[in-house]
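Thank you all for coming. Please have a look at the model on the screen, and then I will talk through a few places in it.

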Amino acid sequence: MATYHSATPADPVGFLREVPIFANLNDRVLADLASLIEWRHVHGGGVLFRRGDEGDAMYMVVSGRLKVILERTDSARGARSLREATRGETVGELALVTGEPRSASVIALRDTELARLSRADFTRLLEREPRAVFGLTRMLAQWITQSNQPETTPSSSPTTITIVGMGAGVPLFHFSENLATALTALGQTLHLNAQILEQKLGPGMSAIEESDEAYPGVTRWLNDQESEYRFVLYQADETLTPWTLRCLSQADRILHV
């Protein structure tokens, strides 16, 4: 599994309230649930789990995007895409009920923050709060319905768009500003580049690398923006800087200009 432990979100109870399975639970129960959660990170392109792996936990997407695929036994036919999961959505729900091996594989389409709830902890939660099973039942019914849909079912629309210039001198700032203005017709939109980020978080914060102790804090702030805005436009630098790499890792879609 290509994951490592991540920092706890600023408002874990607020996040859990967005997850349909737990929508009807009160704040006290959600606070108890938050204490059971493991917060994980998986890099874009990483495998969360594969078909046949032990079904020991469910995962909730805090930020990022996962794809659920059914790998064929006949490799020549490739894999069938079942669905994508974004913020507040879950994968691995069936494991909470059956504990059986995974029936599909899950990969990260971009850097993704996750909340992991083990089957053992979910069982303890049910003993205290049986209402949680109703949310799980609804989620499993939706999953079964989706799995029977044709493969042409549209994926969920992108939240984060990274804009990359194809050569020197491309007016990326003005293009990004105009695109952000246009997208506000569909929902609140935030335009971020290295300079804007440093105005908000401080000098040098756009240039920190993953090994820096401040990196998780920047990630958490970006995740908060992605939950607040319908679209976040990441404007890359002209060269392959740490900020450009960050923009690419946060992208649901990459737009070359």
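Predicted model: local features only at pLDDT ≥ 70, side-chain atom pairs only at ≥ 80, totals over all residues.

Is arginine 102 buried or exposed? Arginine 102 is buried, with a relative accessible area of 8%, where buried means under 20%, exposed over 50% and partly exposed in between, with a 1.4 Å probe and protein chains only. Residues are numbered from 1 along each chain as its sequence is written, and side-chain values use heavy atoms, with hydrogens and water left out.

Let us stay with the charged residues. A salt bridge, that is, a side-chain nitrogen of Lys or Arg within 4 Å of a carboxyl oxygen of Asp or Glu, joins arginine 102 to aspartate 56, at 3.5 Å from N to O. Arginine 102 sits in the loop between helix 3 (93-98) and strand 8 (105-108), and aspartate 56 in the loop between strand 3 (47-49) and strand 4, so this pair ties together parts that are 46 residues apart in sequence; helices (H or I, at least four residues) and strands (E, at least two) are DSSP runs, numbered from the N terminus. Aspartate 56 is partly exposed, at 26% relative accessible area, and its side chain also meets that of arginine 116 in a salt bridge of 3.2 Å, N to O. Arginine 116 itself counts as buried, at 11% relative accessibility. Through shared partners, salt bridges join Glu38, Arg40, Asp56, Arg102 and Arg116 into one network.

Now to the nonpolar side chains. A nonpolar core is a set of buried Ala, Val, Leu, Ile, Met, Phe, Trp, Tyr and Cys residues joined through side-chain atoms within 4.5 Å, and the largest one here has 21 residues, of which Phe15, Leu16, Phe22, Met60 and Leu117 touch the most other members. Helix 2 gives the most to this core, with four residues. Leaving aside neighbours within four places in sequence, leucine 16 is in contact (heavy atoms within 4.5 Å) with Phe22, Leu30, Leu33, Ala34 and Met60. Apart from this core lies another, of 16 residues, among them Val164, Ile208, Tyr234 and Ala236.

Finally, consider leucine 233, which is placed in strand 12 (residues 231-235) and is buried, with a relative accessible area of 0%.
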